[in-house]
Amino acid sequence: MLVVPVLAILRGVEEKQLPELSKVFINSSIDTVEITMNTRGACKLIKYLIEISGNKLTIGAGTVLTLKDLDEALNAGSKFIV
């Protein structure tokens, strides 16, 4: 059996969508999720997704283009940076 790693990338997502998306990812064995920093309120969304996923997901930040973005993403709890 071939195993291919899959990463979910969320861009333009809204907070109200995260509980259902979190369930879908966990139930489908997608365990790595990136929220792009050009999404409105990205850091708040990263924190919220970490909270509601119960540490079942590895959550990081994408489209990190500046040191300010980097600091904010890390302070939000991002486990990886793209």
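Leu 18, Pro 19, Ser 22 and Ile 26 of helix 1 meet Leu 45, Tyr 48, Leu 49, Ile 52 and Ser 53 of helix 2, where contact means heavy atoms within 4.5 Å and helices are DSSP runs (H or I, at least four residues), numbered from the N terminus. The residues of this contact divide into 7 nonpolar, 2 polar and no charged. This is a predicted model, in which local features need pLDDT of at least 70, side-chain atom pairs count only at pLDDT 80 or more, and totals for chains, interfaces and linings use all residues. Residues are numbered from 1 along each chain as its sequence is written, and side-chain values use heavy atoms, with hydrogens and water left out.

**How the two helices cross**
- Helix 1 and helix 2 pack with their axes 10 Å apart and at an angle of about 55 degrees.
- That angle makes helix 1 oblique to helix 2, since angles under 35 degrees count as roughly parallel, over 145 as roughly antiparallel, 65 to 115 as roughly perpendicular and the rest as oblique.

**The buried side of helix 1**
- In helix 1 (residues 18–27), the buried residues are Leu 18, Ser 22 and Phe 25, buried being under 20% relative accessible area with a 1.4 Å probe and protein chains only.
- These residues cover an arc of only 65 degrees around the axis, which puts them on the same side of helix 1.

**Ser 53 in helix 2**
- Ser 53, found in helix 2, counts as buried because its relative accessibility is 3%.
- Not counting residues up to four places away in sequence, Ser 53 touches Ser 22, Ile 26 and Ile 59.

Technical notes:
Buried < 20%, exposed > 50% of the residue type's maximum accessible area, 1.4 Å probe, protein only. Arc of directions from axis to C-beta. Axes fitted to C-alpha atoms, helices over the stretch in contact; angles between N-to-C directions. Nonpolar A, V, L, I, M, F, W, Y, C, P; charged D, E, K, R; others polar.
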